[in-house]
Amino acid sequence: MRPVPADPAPDEPATAFGRPAAQGTATTRPATPPRPAHRPTAPSAPVAPDPALSWSATRPVVSFGEPEGYDGDARPRPLGRRGASQAAAAAVCLVLGLGLISGAVTGSWLVGDSGAEGSPSSFAAASSLWHSVPVDQLFPPTVQGRGAGPGGADRTWTRIAVAPDSGCKDAFDPLLRKALAPVGCERLLRATYTDATESYVTTVGLLFTTADAPGMTALANRFRKERLDRRSDLMPLPYAAKGTPAAGFGAPQRASWTVSVLTEAPVVVYAVSGWADGRTVDDPQPAGDAMEADATTAVAQAGLGNEAQGLADRVERDFRKNVRSASEQPS
């Protein structure tokens, strides 16, 4: 029996995977080589991509034009161009902003910024506070020092003695008295505190001067430029009161200190600290140095720099509040 010829295969476009031809059949068309049943294994060597199919060959060219907005008549306009009204509004905002900043600087010293200058009325009001404000407002019986101790620990100081208001005779060592002489001495107020454990004692003082604002500014500049507040031969003297933990707190027991010359008030604020057991200190350290994170001296490790600086800061803060209240009273 003769084989029956198969129907001729229709013309089909080649597909990606190929199509196997029938086996053992005769056709009226020329024989087509059999297609592989599976894709040949890719060669191990990398094949370079067709440059015509690469991103760089087909990437569109993008240009950035100037952004546009729309004016009042819905016509496009570049956003970079401002109208006259917008420029004027911006100028007004700038002027108002500068005014607000200058106003904030003027009053910031009343809330703790010692670098700002006060008004003439507040300067005059501050000069009379030594006899018009009760002692408990200048030196509170208890002072809270949140975060004032080493490592941000809280402190509480209790007032144990208040010195009678006096002049400055014999109140300072000779060199410090000479450094303060240009601003004069109207009155000196002092109080001594101890910490909650009665391990340390600290004297804080308010020296009311007879100087005007330029005189206080000149003294403050000198202290800053010559670093007089860091010289151990310019340490303030403590106030030792008999029958208190500060009874043995004399000049040899001074461990750390701070001196702040105000420019917005005729006042010098200072504090000096030491151990309550009367031990002498051969190498006292200014509070700023003793409070450094890497300070390793006995004074620093005990936190005596924090005692002096923390108490002085809070007494100065209360003093500013009293000045504000006095300057706001009607004349």
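Predicted model: local features only at pLDDT ≥ 70, side-chain atom pairs only at ≥ 80, totals over all residues.

**Entry 1: the disulfide**

Which handedness does the link of Cys168 and Cys185 have? The link is right-handed, with 80 degrees about the S-S bond. From S to S, I read 1.9 Å between Cys168 and Cys185. I also searched the whole structure for disulfides, and the search gave one.

Next I asked where the two cysteines lie.

Cys185 comes out as partly exposed, at 30%.

**Entry 2: the sheet**

I then turned to the strands. In what order do the strands of the open sheet run? I wrote down E3-E4-E5-E6-E8-E7-E9, seven strands with mixed pairing. The edges are taken by strand E3 (142-145) and strand E9 (285-286). Each of these has a single partner strand, so one of its sides has no neighbour in the sheet.

I looked at one pair in detail. Strand E7 (residues 256-261) and strand E8 (residues 267-275) are antiparallel partners, joined over six bridges. Within this pair, Ser260 sits opposite Val269 in E8.

**Entry 3: helices on the sheet**

Which strands does helix H7 touch? Helix H7 (residues 213-226) packs on the sheet against E7 and E8, and its direction is at about 140 degrees to that of E7.

H10 was my next stop. This helix lies across E3, strand E4 (155-166), strand E5 (187-195), strand E6 (200-208), E7 and E8. Its angle to E6 is about 40 degrees.

I finished with Ala326, which belongs to helix H10 (residues 304-328). What does Ala326 touch, leaving aside residues up to four places away in sequence? I found Ala125 and Leu129. I also checked Val133, which is 193 residues from Ala326 along the chain; their C-alpha atoms are 9.2 Å apart.

How accessible is Ala326? Its relative accessible area is 24%, so I put Ala326 down as partly exposed.

Terms used. Residues numbered from 1 in each chain as written. Heavy atoms only, no water. Helix = DSSP H or I, 4+ residues; strand = E, 2+ residues; numbered from the N terminus. Buried < 20%, exposed > 50% of the residue type's maximum accessible area, 1.4 Å probe, protein only. Contact = heavy atoms within 4.5 Å. Pairing = 2+ DSSP bridges. Axes fitted to C-alpha atoms, helices over the stretch in contact; angles between N-to-C directions. Disulfide = S-S within 2.5 Å.
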